[in-house]
Amino acid sequence: MISAVRRMSQLCVLRKRAHAAPDALTRRPASFHAMRLSSLQQITYAIADAMLAGPAEPDSMVERMSASLGVRLDWMLGLVREVVKRFGARWDSVESSEVSMVVANTPGFVAAWRSDTRPFVVRLLRRPPVQKLPPPRLREVALPQLPTLGDLAAWLEVEAGELDWLADRWRVPARGADSPLHHYTYKAIEKRDGRCRLIEIPKSRLRSLQRKILHGLLERVPVHDCVHGFRKGRNTVTYAAPHAGKAVVVRFDLADFFASVHAPRVHALMRTLGYPLEVARALTALCTNRVPSARLLAADVRDRMDWLERQRYRTRHLPQGAPTSPALANLCAYRLDLRLEGLARAVGASYTRYADDLAFSGGEDLARIIERFEVRVAAIALEEGFSIQLRKTRVMRRGARQHLAGVVVNRHPNLARSEFDRLKAILTNCVRYGAASQNREGRADFRAHLQGRVAQAVMLNPVRGAKLKVIFGRIGWEGCRAGGGR
């Protein structure tokens, strides 16, 4: 009895909404079957979809509308002319929601809707998915054309079912830590302060798809020029060099850089590049992850992460360990870099970023306003979805050692003594105990990582670098796999 009364009350409410002013409609129903009583919304969107399913030519648009409703009506031609007038110049980018609002406010349609013989949908016509043009600055970038999920699957060289499996965002329950259905394994790395960083390692099949996305798509999109991390031809030396010989150097550190980039931001990036909704969703799902609660509450993690950090990992985010995450983080931080570069330019300073390290430098003008400048940088980072670790902020003035990412910049870029000693200790331990024992962060190619650091040392200080190069040549790499570890 109670349920029957409840259904009757809901029916009355829906009837009132259906007879309300058409311009009150603002959103599209999830599906025709899910909201059978919302026929006004169904019909306005169906008419909009029919018009958008072909070229913006009045006669063909009327034909498509007639096919959708099963009858040709007098008000259709006037509606079509109004739609073409408003949206004809950008027909390929106009959304159904925009056209449906025009339909709902057309006098002819309103009169038909309020009559005894309301129009109803007999056939759905949809616009075929089209990949839109990216922003003007990216028009010359050769992006892969992926208008449908089938095109995406073919480009990734997987079956449609496997793509659905790997891009499924909800298959694993939030509390399931070790489910074989999950596409990631986890490794907790202890930080110097006793806390931990969680490395999220994609399994081999997903990792191969992520590499395809990285090399075939993400690496083609240019990032802001101030970015020096995870870019070909850029390194810690190019990151530090613009700050050499300055009166004051300021270094900021972003908290949980990868985990702070959540799935909606990645999805927005894919949509900005022009990919249709379903393709953007699939690409986002392939490149993001949420860590199961059970893993975050495990003994090796629970007491070494605060509540805010755990919340970041519980939300779909860029996983530290996926090959796509560095490039996506750089692209998603474009607005952050743009605003911080503008702030630096306004005070006559220089700005560069290497992953989560932000560096500013300038003369006495910057030194005089340094406290206000720190507050402004933190505010911009917060507005862009990131947060500054204030306890790690360093203000380095002339007369004291100024260093960035192991590079001393007081006069010219040089290798820091502490960095030389640290790298020498790692290389020596590799010789004594094996390279795998020193790959504590599980780097994919530990040999290449060390070789790069030694090459950087040679570039900054040839004499010291030569000593490190000799030790590197004595390392035995047996037992150290490409994936790191024993």
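## Close-up views of a predicted model

**View 1. E419 in helix α19.** E419 is placed in helix α19, residues 417-433; helices (H or I, at least four residues) and strands (E, at least two) are DSSP runs, numbered from the N terminus. This is a predicted model, in which local features need pLDDT of at least 70, side-chain atom pairs count only at pLDDT 80 or more, and totals for chains, interfaces and linings use all residues. Residues are numbered from 1 along each chain as its sequence is written, and side-chain values use heavy atoms, with hydrogens and water left out. E419 has 16% relative accessibility and counts as buried (buried means under 20% relative accessible area, exposed over 50%, partly exposed in between; 1.4 Å probe, protein chains only). From E419 to R453, 34 residues apart along the chain, the C-alpha atoms are separated by 10.0 Å.

**View 2. The aromatic pairs of F360.** The whole structure contains 10 aromatic pairs. Rings of Phe, Tyr and Trp (its six-membered ring) pair if their centres lie within 6.5 Å; planes under 30 degrees apart count as stacked, over 60 as edge-to-face and the rest as tilted. One of the pairs joins F252 and F360 edge-to-face, at 5.7 Å centre to centre and 85° between the planes. F252 belongs to strand β3 (residues 248-253) and F360 to strand β5 (residues 357-362), so this pair ties together parts that are 108 residues apart in sequence. F252 is buried at a relative accessible area of 1%, and F360 is buried at 0%. F360 also forms an edge-to-face pair with F373, with 5.0 Å centre to centre and 85° between the planes. Because F360 lies in strand β5 and F373 in helix α18 (residues 370-383), the pair ties together parts that are 13 residues apart in sequence. F373 is buried, with 3% relative accessibility.

**View 3. The aromatic cluster that includes Y239.** One aromatic cluster is formed by F230, Y239, F257, F258, Y354 and F386. Y239 is part of helix α10, residues 236-240, and is buried at 0% relative accessibility. G229 is 10 residues from Y239 in sequence, and the C-alpha to C-alpha distance is 7.9 Å.

**View 4. Arginines over aromatic rings.** A charge sits over a ring if NZ of Lys or CZ of Arg is within 6 Å of the ring centre and within 35 degrees of the ring normal. R118 lies over the face of W113, 4.1 Å from the ring centre. R464 has its charged end over the ring of F420, at 5.6 Å from the centre.

**View 5. C226 and C430.** Both cysteines are buried: C226 has a relative accessible area of 6%, and C430 has a relative accessibility of 1%. The structure holds zero disulfides, a disulfide being a pair of cysteine sulfur atoms within 2.5 Å.

**View 6. The second largest pocket.** This pocket has a volume of about 770 Å³, the volume being the space filled by probe spheres set on grid points joined across faces, edges and corners. On a 1 Å grid over the protein atoms alone, a pocket is an open set of points where a 1.4 Å probe fits, with protein on both sides within 12 Å along at least five of seven lines; lining residues have an atom within 4 Å of a point. The lining has 27 residues, and E95, R127, R271, P276 and L277 lie nearest the pocket centre. Elements giving two or more residues to the lining are α2 (39-52), α5 (96-104), α11 (263-272) and α12 (277-287). The largest share, four residues, comes from α12.
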